[in-house]
Amino acid sequence: MPKYTAERDPDKSAKAYGYELHCSWKDAINCAHALKGMTVAEAKKYLEEIIEMKRALPAVYHKQKVHHQKGIGPGSFPKKTASYMLKVVKNAENNAEYKGFDVDNMKITHIAAYQGRTIQGYMPRAHGRATNKNEQTTNIEIILEEVE
């Protein structure tokens, strides 16, 4: 298990880690940028709207060749990334609840997404040849802190 890239006071924070998730890390970076600073309830609502394709996620990073969406510019509907991100947010919320914090006053103070391990795969081709068919994974980490 890799370490978190940021440290917070364990008496005031709760954290969760999504390890080797099978989703796009480029979409995860944009999703993390959008969620930073939100409360847990706002983040859950935002991600559920992306999953239901009611709201597009603005592309801040890796936005070349991304279609424009009405009102936000380049953006997309990364359903798979949003569902994995929602699982990590819910996991952090449950960890905060277990520690005895008031979940309604928790805010996302640190969120990071980066490339995980590449799982090698092969696709058979004609004449006994093979082509690489690798699977990219994403690591997501979230730290919640109580706000007064």
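A salt bridge is a side-chain nitrogen of Lys or Arg within 4 Å of a carboxyl oxygen of Asp or Glu. Keep that in mind as you look through these views of a predicted model.

**Figure 1. Arg117 and Glu20 form a salt bridge.** The closest N and O atoms of Arg117 and Glu20 are 2.8 Å apart, which means the pair falls within the 4 Å limit. Follow the chain and you will see that Arg117 belongs to strand β5 (residues 106-119), while Glu20 belongs to strand β1 (residues 13-21). The two residues are 97 residues apart, and their pairing links distant parts of the chain. Glu20 counts as buried, at 19% relative accessibility, whereas Arg117 is partly exposed at 48%.

**Figure 2. Glu93 and Lys44 connect two helices.** Here is another salt bridge, with 3.1 Å between the closest N and O atoms of Glu93 and Lys44. Glu93 sits in helix α3 (residues 79-99) and Lys44 in helix α2 (residues 40-51), so this pair ties together parts that are 49 residues apart in sequence. With a relative accessible area of 15%, Glu93 is buried.

**Figure 3. Lys54 meets Glu52 in a salt bridge.** The N to O distance between these side chains is 3.3 Å. Is Lys54 buried or exposed? Lys54 is exposed, because its relative accessible area is 66% and the cut-off for exposed is over 50%. Glu52, at 49%, counts as partly exposed. The pairs in these views are among the five salt bridges found in the whole structure. Why might such side chains pair up? Side chains of opposite charge can pair when their charged atoms come close.

Figure 4. For Cys23, the nearest cysteine sulfur is that of Cys31, 9.0 Å away. Cys23 counts as buried at 6% relative accessibility, and Cys31 counts as buried at 0%.

**Figure 5. The protein chain has three helices and eight strands.** Now step back from the close-ups. Starting at the N terminus, the elements run β-α-α-β-β-β-α-β-β-β-β. The C-alpha atoms fill a box of roughly 65 × 40 × 20 Å along the principal axes. Of the 148 residues in the protein chain, 40% count as buried.

Technical notes:
Residues are numbered from 1 along each chain as its sequence is written. This is a predicted model: local features need pLDDT of at least 70, side-chain atom pairs count only at pLDDT 80 or more; totals for chains, interfaces and linings use all residues. Side-chain values use heavy atoms; hydrogens and water are left out. A disulfide is a pair of cysteine sulfur atoms within 2.5 Å. Buried means under 20% relative accessible area, exposed over 50%, partly exposed in between (1.4 Å probe, protein chains only). Helices (H or I, at least four residues) and strands (E, at least two) are DSSP runs, numbered from the N terminus.
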